[in-house]
Amino acid sequence: MSTTTTRDATRPAPAKVSKARPRRGLRGSTFNFWLFTGPFLLGLVIFVYIPIGWSAWLSFFEARYTVTPDKFVGFDNYKLMLTNGDFTGSLVTFTVFAAIIVPVTWALSLGLALMVHRLRFMKAFFRSVFFLPTACSFVAASLIWKMSIFSGVRFGMMNTVLSWFGVENIAWLANPNPPWYWLVIVTVRLWLQAGFYMILFLAALQNIPPELYEAAAIDGAKPGWQTFRYITLPQLRATSTAVILLLLVAAYQAFDEFFNLLAKSTWGRPPLVELYYTALGDDQDYGAGSAGAVILTLLICTVTLLQGRFMGFGRGEETK
Amino acid sequence: MSALSNSNWDRRSVLRAAAGLAALGPLAACGGNTGREGGGSSGKGLVQYFHAYGEAGTQEAIKRYAKAYDEARVTTQWITGTNFESKLFSSLLTDNAPDVFEFHPQLQLIKSGQVAPLDDIIAPVKDDFNPADIKSHTVDGKVYGVRMIDDPQFFFYRKSMLEKAGVDVPQTLDELAEAAAKLTTDKVKGLFIGNSMVSTNYALVWAAGADQLNDKNEIAYHTDEVVEALKVYRKMFTSGHLLLDAPADYWDPSALVQGLTAIQWCGMWAMPVMQKALGDDLGIFPFPSAASGAKPAVYNGGWSMFVNAKGKNVDLAKEYVKWLWIDEKKYQEDWALSYGFHIPPRTSIAESATKLKSGLPAEGVKLFTDYGRFDNISWTQAMITAFEEVIANSVRKGTNPEKALDAADTKVNRELKKLFG
């Protein structure tokens, strides 16, 4: 709008224009509003709100091999999802996964950022090298992990390395006891996403004023752990919080690596994978799948609200 | 309104509208790409779904047959990946559903009105089909689906490796476990029954003298013999004699050909590749008996063509299936014998199949006729999944087989109740 204003200001007859402007401005801005938001609002309604509503509706019907069912079953689907153990088990799987991946990625990406930050030469090179895996797809990486690095045969990379030390071949994915599959799943995600969060930390590190370190040095703080603990870490608090939140969201959305790495298993299925198998997989039970989705949505809402209450997210800075 | 401001408004609005349209573009494109390429000379189009066959030349062959059909333009979707079922099932609910697709006979597709009965096109040649193939596709007197190929699955083994280890061809499941132990060295594993070990599910149950369902469509797999067989599987799994997490799964001949295993469960389709790579160093045997008095077992899998009853061109789709899988015998023969080995379900083609008349292929055909058992149409995908979970839990995870079977019973019974009331 600023261009319009400057242009109008140069006009010779401002009185005339100002008469016409309010009407045009009002109509124009409403029109612009709908023009810009309309397509996305339409997309949102078609691809998000209608499916959510439809899903809620489906959850009360016996919807097998159809998304236009006619047999109302009340809360049967909910009862099934909550009692058969697979769905509730998937929530445990997610919790375990998040409990491992979130702190590990946080620590690794912070570590990488600290190291890259201190580099005196080839900084851009290392920054790019660590960031590069972010561009790789989860599916492609999963296949590499599954078929070459963690392949169960003797020439799989990990098994080759272990055989130098006389360790027997390990079936990394087939055998859930001990649960080596977590190592495969966690490392692939770590490799893919650590670089991205490293960039976030790096940006935050560069924003810490050097005066703080100078002042600390004058006050007698030893470089190394003491400085890191009392200056760097507190200064990174905002970024850390954001990173942890993003990591949690990403962990919750995890699907590809579980789906591609673990075939025909009954373990290692986070909620989205479980619901995929229920609704879209072999079962094609859209009713039960939708019920699971609704339960999951309610759960997420509850957690978010509680989190807001206890941790103060969304509250203004002054109330903290 | 001044002329200036008017033209100003126009020019801007045009730009904005253009931007808005550009933003809408992808949405419009979403609706337009239906995967259907209507048109062609006759103006009608059909879509067919195939899972990705592993043998070289198969995709080209299917497309070549389709191209030779004059009445419609047939588009082939070659579905790669391991979850053909999921992709097929979910696409069947949409407007992009295929008009014809290959699958196995499963009752839920018929109960939900998804596949069309094909009696009128099959009737003239019904006697030419293997009766078992007709039976496995029949519900209440109507035949659904035209069998294209029969694929017996059994064990393939390296004769030289068994000889060297002094192992005879196993006659019982216990002997198979012993053989696997003796054949395992630091380079080679004794046995490969697939990475997820579910491909032997049918044979395991049959060889234990049980069945998936009985004649009254009740659970028949939950027997003591099956429990014992599962325990043998568990023992083999934990003892490290099985090849696990191999780069290629059971349906691919790589594990045997590359010398990763001495014995591998696979299908007759892989026989040409194995013979080419291993020559005479190759033998076959059925899934050995797993209970006293029980016969060895061979799973006669295979693929059939189905017509989507909810498609837009059901009649045309039926015509196409009739043309390709009933009339055009040269294509049917080519499909069954030129790439992998499959047993033609049509007696007239099977009789003239010289490639299957001698040597190892003939032995395969003998296993097919002597021990082979076919799909039970009432054993549907959800039940298949439930039994696959039995393998995952009782063999890989170590749950008590009895408990794992109980869990499957719940799921299978829920399924049976929905299908038969």
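Predicted model: local features only at pLDDT ≥ 70, side-chain atom pairs only at ≥ 80, totals over all residues.
**Stop 1: a helix in chain A**

Select residues 181-206 of chain A, and you have helix H8, 26 residues in all. From its first C-alpha to its last, H8(A) reaches 37 Å, close to the 38 Å expected at 1.5 Å a residue. Now click on A:Gln193: here H8(A) bends by about 40°, which settles the opening question.

**Stop 2: two loops in chain A**

Next, step back to A:Pro178, in the loop between helix H7 (157-164) and H8 of chain A. Show the backbone between A:Asn177 and A:Pro178, and you will find a cis peptide bond, with omega about -5°.

For another loop, go to A:Met122, between helix H4 (86-118) and helix H5 (123-131) of chain A. The phi angle of A:Met122 is near 55°, a positive value in a residue other than glycine.

**Stop 3: where the chains meet**

Now bring both chains into view. Here 37 residues of chain B are in contact with 33 residues of chain A. H17(B) gives the largest share, nine residues. Color this side of chain B by residue type and it divides into 13 nonpolar, 16 polar and eight charged.

**Stop 4: the two domains of chain B**

The domain assignment puts 45-151 and 300-374 in domain 1, and 153-294 and 378-420 in domain 2. Their C-alpha centres lie 26 Å apart.

Where do the two domains touch? Across this boundary, 20 residues of domain 1 of chain B are in contact with 19 residues of domain 2 of chain B. On the domain 1 side, helix H4 (107-111) and helix H16 (359-371) of chain B are the elements that give two or more residues. The largest share, six residues, comes from H16(B). By type, the residues on this side of domain 1 of chain B are seven nonpolar, seven polar and six charged.

**Stop 5: a pair of strands in chain B**

Finish with strand E1 (residues 45-51) and strand E2 (residues 73-79) of chain B, which pair in the parallel sense over seven bridges. Select B:Leu46 and look across to B:Val74 in E2(B), which stands opposite. Then trace the chain from E1(B) through helix H2 (residues 58-67) of chain B to E2(B): this β-α-β crossover is right-handed.

Methods
Residues numbered from 1 in each chain as written. Chains lettered and ligands numbered in written order. Domains from an automatic or database assignment. Contact = placed C-beta atoms within 7 Å. Helix = DSSP H or I, 4+ residues; strand = E, 2+ residues; numbered from the N terminus. Nonpolar A, V, L, I, M, F, W, Y, C, P; charged D, E, K, R; others polar. Expected span 1.5 Å × (residues − 1). Bend = angle between axes of the 7 residues up to and from the residue. Pairing = 2+ DSSP bridges. Right-handed = clockwise from strand over helix to strand, strands pointing away.
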